[in-house]
Amino acid sequence: MLSVEEAQKLILEHVLPIGTERVSLMDAVGRILAEEIHARRDQPPWDNSAMDGYAVCWEDVKAASPKGPVSLKIVEEIPAGYLPRHVIKKGEAARIMTGAPLPEGADTIIRKEDTSEDGDRVKISVAGEKGEYVRSRGMDVAAGSLLMKRGATLRPAHIGMLAAVGKSLVTVYRKPRIAILATGNELADLDEVLSPEKIMNTNSYAVAAQAMEVGADPVLMGIAKDSPEDLKEKLAEALSALGEEGVVVSSGGVSVGKYDFVKEVYQQLGIEIKFWRVA
């Protein structure tokens with residue numbers, strides 16, 4: 001008699017990975033990744049602003065204070081989604097929005113809240129630290145770096161990262177199919193009239209829900225009567241429905257009672273029994 005842990009280990013030793021398929025990004029949620037994902041480019045792809053404000057050279061503003069603001073000429077405006085057109089020279093600044101690329105010649109962002117505009121000039125009243133509010137190129141992800149390993153379960157954060165690297169199609173393992181068969185003359189299925197000698201078939205639906213929860217596709221095979229003939233027919237149907245990439249889960253009929261025929265029928269179908277009893 002095996003322990004639960006020993007039985008699990010034995011089962012896993014005889015499990016092989018199934019094939020793969022390519023699915024759209026949004027169909028990949030909850031699936032098992034079958035490829036390694038590497039960054040195609042740096043993320044962010046350029047130094048950019050973390051705030052709405054002004055891109056400046058820190059040497060120009062390092063002495064700025066509320067009592068002694070530094071005035072700089074505004075030479076351009078850089079919204080997110082546009083590249084800078086000018087090199088920032090001494091005495092100049094660029095109005096910049098959050099996420100916009102940092103112009104050449106600038107090394108610091110001054111928040112809009114620490115400035116005031118006067119025509120085509122801006123007064124800087126707080127210098128801050130050199131490099132402040134600048135997000136450096138590649139600070140999140142460097143080009144070529146490994147982002148996801150094969151075998152990862154794809155969650156919403158993974159989907160966001162896959163979108164960030166431009167993956168519209170993802171290679172995942174195919175979902176295993178689980179044929180689920182309940183056995184027993186005492187069982188009634190959903191929507192059947194429940195006569196006094198019957199109980200509801202709950203195992204099939206609980207097991208199916210467990211299969212779905214871990215990413216498998218359940219195939220409900222109904223209820224087999226407590227007879228070798230019916231059981232053999234239903235199990236043969238289940239095996240045929242799955243092909244070579246699936247698992248049959250049956251419940252009931254495996255003890256030593258007069259009407260427990262599952263073990264006998266497995267042997268008739270040529271199924272090798274690796275273990276029987278688990279404690």
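Among contacts between residues at least 6 apart in sequence, 69% join residues at least 24 apart. This is a predicted model: local features need pLDDT of at least 70, side-chain atom pairs count only at pLDDT 80 or more, and totals for chains, interfaces and linings use all residues. Residues are numbered from 1 along each chain as its sequence is written, and side-chain values use heavy atoms, leaving out hydrogens and water.

Zoom out to the whole chain. Along the principal axes, its C-alpha atoms fill a box of roughly 100 × 40 × 30 Å. The radius of gyration, taken over C-alpha atoms, is 33 Å, whereas a compact globule of 279 residues would have one near 19 Å. That globule rule is 2.2 Å times the number of residues to the power 0.38.

The chain exposes about 16500 Å² (Shrake-Rupley method, 1.4 Å probe), and carbon and sulfur atoms supply 53% of it. Of the 279 residues, 33% count as buried (under 20% relative accessible area, 1.4 Å probe, protein chains only).

Now go to cartoon. The chain has 6 helices and 17 strands. These are DSSP runs: helices are H or I, at least four residues; strands are E, at least two; numbering starts at the N terminus.

Select the open sheet β7-β4-β6-β5-β9-β8, 6 strands with mixed pairing (strands pair if DSSP finds at least two bridges between them). β7 (108-111) and β8 (115-118) stand at the edges with a single partner strand each, so one side of each lacks a neighbour in the sheet. Neighbouring strands are turned by 40° against each other on average, direction ignored (axes are lines fitted to C-alpha atoms; angles run from 0 to 180 degrees between N-to-C directions).

Last stop: select 53-56, strand β4. It pairs with β7 in the antiparallel sense over 4 bridges. Pick Gly53; its bridge partner in β7 is Arg111.

Note on methods: Buried means under 20% relative accessible area, exposed over 50%, partly exposed in between (1.4 Å probe, protein chains only). Contact means heavy atoms within 4.5 Å.
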